[in-house]
Amino acid sequence: MLQIWVNLIPLCVSGIAWAHDAGLQQNTLQFDLTFDTDPQIGLSEEPWTSKYGAQNDLGYSGPLSFSHFNYKKCLEDASVPFDIGIIGFPFDTTTSFRPGARFGPYAIRSGSRRQSLGAGRGYTLAWGSSPSDYGSSLLDCGDVPISAYDNAKAIDQMEAAYSTLLSRPVFGGTSEVYKEKTRAFSLDGKEHPRIVTLGGDHTIVLPILRALHKVYGPVSVIHFDAHLDTWPPKGTTVQEGITHGSFFAVAAEEGLLTNTSIHAGIRCKMFGMEDIEHDDTVGFQVISTEDIDDYGIKKVIEKIRQRIGDKPVYLSLDIDVVDPGQAPATGTPEVGGWTTREVKRILRGLSGLNFVGVDIVEVAPAYDNADITGIAAADIVHDFLSMMLVDGPPQPHVGPFSKTDLL
Ligand SMILES: [Mn+2]
């Protein structure tokens, strides 16, 4: 009986509303609005918590933070200290081809939902550990509200946000070898938090390098990308010259880089060898996509480590370094790229370098299929965290292979 009346209520209400809208108050349809209020409706008297426990978020539920981390709007809330902070830079107004990377932070967080690192499930055989094993405070710091209309202002906003996070005290829980490592490089002799930035188009790296320069001076860069991004600034205004293909050249002109940086995964079309010659003046060596076939992953890792040495280093990864078959959601796709597995394997080999910050950029989910790019990017961020926290490339897990040094 009750169910019948409950079903009728919306009909009654909509009937009256229709009559009212039509100015037919004098000729209103007649419904009986009385309904049964029998209190014996079988609701459990046992509350959820005593019957089922905590209101846990599942892999596909809950608010969207990276890997279910704690989420704070860190720019305005300094109440939670962090050793590694995740921050989104939703900015894409300096792209040359397909826009849409402003939705990258959302897509990467969404792709991270099944990782549940915040719930303690972050161990992988590849690393032999979880990023949560090192006592570090890992925090999702939200997104920076960046102007979509004024690029000069947007770039200043990103620098201000990054500098704000760098200025915060650390929680202090990194691995024993890494502990206080940033203190050894910082110009003020203090330990600073490290930031994982979710882009955003690649221009976001210019304000990041400006902010890092204030703390560390010039840094080396490991740059995973299909493109050089060192092309000379062009255009009739200063702002027109700062794009996602020229920002490294601008950074070098400003003295933000050492001359010991390196690209990995380059395969784009160029004007000619003069592009590489100019790239050299910006301070980069080039590892091409094909080098991985000719020399193998271990040599690629070895060359990067040789180039960087023990200098403070910033790692920037354009998702288009991955083949568009495995990461189609990006602005300027180039065919014939590395597999996600190869990129992950190289990142593992880079652990123990003196990373002062990392980013992943150019994820534009409007071009994605079944979220594969967002999931790939989120998994790479998981590797970033391990790479920044472990003291060196881990030994292989127990199994049929011997514990040889795999780098
Ligand atoms: Mn690129």
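Select Y314 and look across to strand β9, where G357 stands opposite. Helices (H or I, at least four residues) and strands (E, at least two) are DSSP runs, numbered from the N terminus. This is a predicted model: local features need pLDDT of at least 70, side-chain atom pairs count only at pLDDT 80 or more, and totals for chains, interfaces and linings use all residues. Residues are numbered from 1 along each chain as its sequence is written.

**The sheet**

Now select β8 (residues 312–318) and β9 (residues 354–361). They pair in the parallel sense over seven bridges. Two strands pair if DSSP finds at least two bridges between them. Pick L315 next: its bridge partner in β9 is V358. V358 is also the bridge partner of V196. Three bridges join β4 to β9, and these strands run parallel. Follow the chain from β8 through α10 to β9: this β-α-β crossover is right-handed. That term applies if, with the strands pointing away from the viewer, the path from the first strand over the helix to the second runs clockwise.

Show every strand of the sheet. Nine strands form an open sheet, with parallel pairing, in the order β1-β3-β2-β4-β9-β8-β5-β6-β7. At the edges stand β1 (70–71) and β7 (284–288); each has a single partner strand, so one side of each is left without a neighbour in the sheet. Contact here means C-beta atoms, placed from the backbone, within 7 Å. Axes are lines fitted to C-alpha atoms, for helices over the stretch in contact, and angles run from 0 to 180 degrees between N-to-C directions.

**Buried parts**

Return to β9: seven of its eight residues are buried. A residue is buried if 20 or more other C-beta atoms lie within 10 Å of its own, exposed if 12 or fewer, and partly exposed in between; C-beta atoms are placed from the backbone.

Next, colour the largest nonpolar core, which has 101 residues. Such a core is a set of buried Ala, Val, Leu, Ile, Met, Phe, Trp, Tyr and Cys residues joined through C-beta atoms within 7 Å. M158, I360 and V381 have the most contacts inside this core. Helix α11 (residues 372–389) gives the most to it, with eleven residues. Zoom in on V381. Not counting residues up to four places away in sequence, V381 touches F66, I108, S112, V196 and I360.

**Two helices**

Select α9 (residues 291–308) and α10 (residues 340–349). Their axes come within 8 Å and cross at roughly 35 degrees. The contact is made by I292, I297, V300 and I301 of α9, and by E342, R345, I346 and G349 of α10.

**Backbone stops**

Most residues other than glycine have a negative phi, and most peptide bonds are trans. Select G199 and G200: a cis peptide bond joins them, with omega about 10 degrees. G200 is in the loop between β4 and α6 (205–216).

Go to S67, in the loop between α2 (48–52) and β1. Its phi is positive, near 50 degrees. S67 is buried, with 26 other C-beta atoms within 10 Å.

Finish at E362, in the loop between β9 and α11. Its phi is positive too, near 70 degrees. E362 counts as buried, with 32 C-beta neighbours inside 10 Å.

Definitions and conventions: Two residues are in contact if their C-beta atoms, placed from the backbone, lie within 7 Å.
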